[in-house]
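Here is a short briefing on charged side-chain pairs. The structure comes first, then the notes, grouped by pair.

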Amino acid sequence: MGEDKKKQIPLRLSPKLYAAIAAWAEDDFRSVNGQIEYLLTECVRQRKKNGKYVSDEIDVPPELDIK
């Protein structure tokens with residue numbers, strides 16, 4: 001497999017989480033896949049930057065806010 005090819009992985013999401021990500025993706029003009037890739041990339045970037053596992057800068061969709 002070449003270095004420029006993306007790795008495909010199976011991913012299982014609850015219907016509620018999928019719906020939230022799909023709505024968020026639509027707001028950001030991305031596909032669901034693109035939104036998941038964006039969010040994972042941002043989390044990894046932030047962790048490399050400041051050592052935190054989850055960024056304080058990434059907003060959580062309101063329906064999934066568990067605070």
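Glu-42 has a relative accessibility of 16%, so Glu-42 counts as buried, the cut-off being under 20%. This is a predicted model. The count of salt bridges in it is three.

**The pair within helix 2**
- Glu-42 and Arg-45 form a salt bridge through their side chains, at 2.6 Å from N to O.
- These two residues sit three residues apart in helix 2, which means that about one helical turn separates Glu-42 from Arg-45.
- Arg-45 is partly exposed, with a relative accessibility of 38%.

- A salt bridge joins the side chains of Lys-6 and Glu-37, with an N to O distance of 3.0 Å.
- Lys-6 lies in the segment before helix 1 (15-27), while Glu-37 belongs to helix 2 (residues 32-50).
- The two residues are 31 residues apart, so this pair links distant parts of the chain.
- Lys-6 is exposed, at 61% relative accessibility, because the value is over 50%.
- Glu-37 has a relative accessible area of 35% and is partly exposed.

**The Arg-30 and Asp-28 pair**
- Asp-28 and Arg-30 make a salt bridge, and their closest N and O atoms are 3.2 Å apart.
- Arg-30 is partly exposed, with a relative accessible area of 32%.
- Asp-28 is also partly exposed, at 30%.

Note on methods. Residues are numbered from 1 along each chain as its sequence is written. This is a predicted model: local features need pLDDT of at least 70, side-chain atom pairs count only at pLDDT 80 or more; totals for chains, interfaces and linings use all residues. Side-chain values use heavy atoms; hydrogens and water are left out. A salt bridge is a side-chain nitrogen of Lys or Arg within 4 Å of a carboxyl oxygen of Asp or Glu. Helices (H or I, at least four residues) and strands (E, at least two) are DSSP runs, numbered from the N terminus. Buried means under 20% relative accessible area, exposed over 50%, partly exposed in between (1.4 Å probe, protein chains only).
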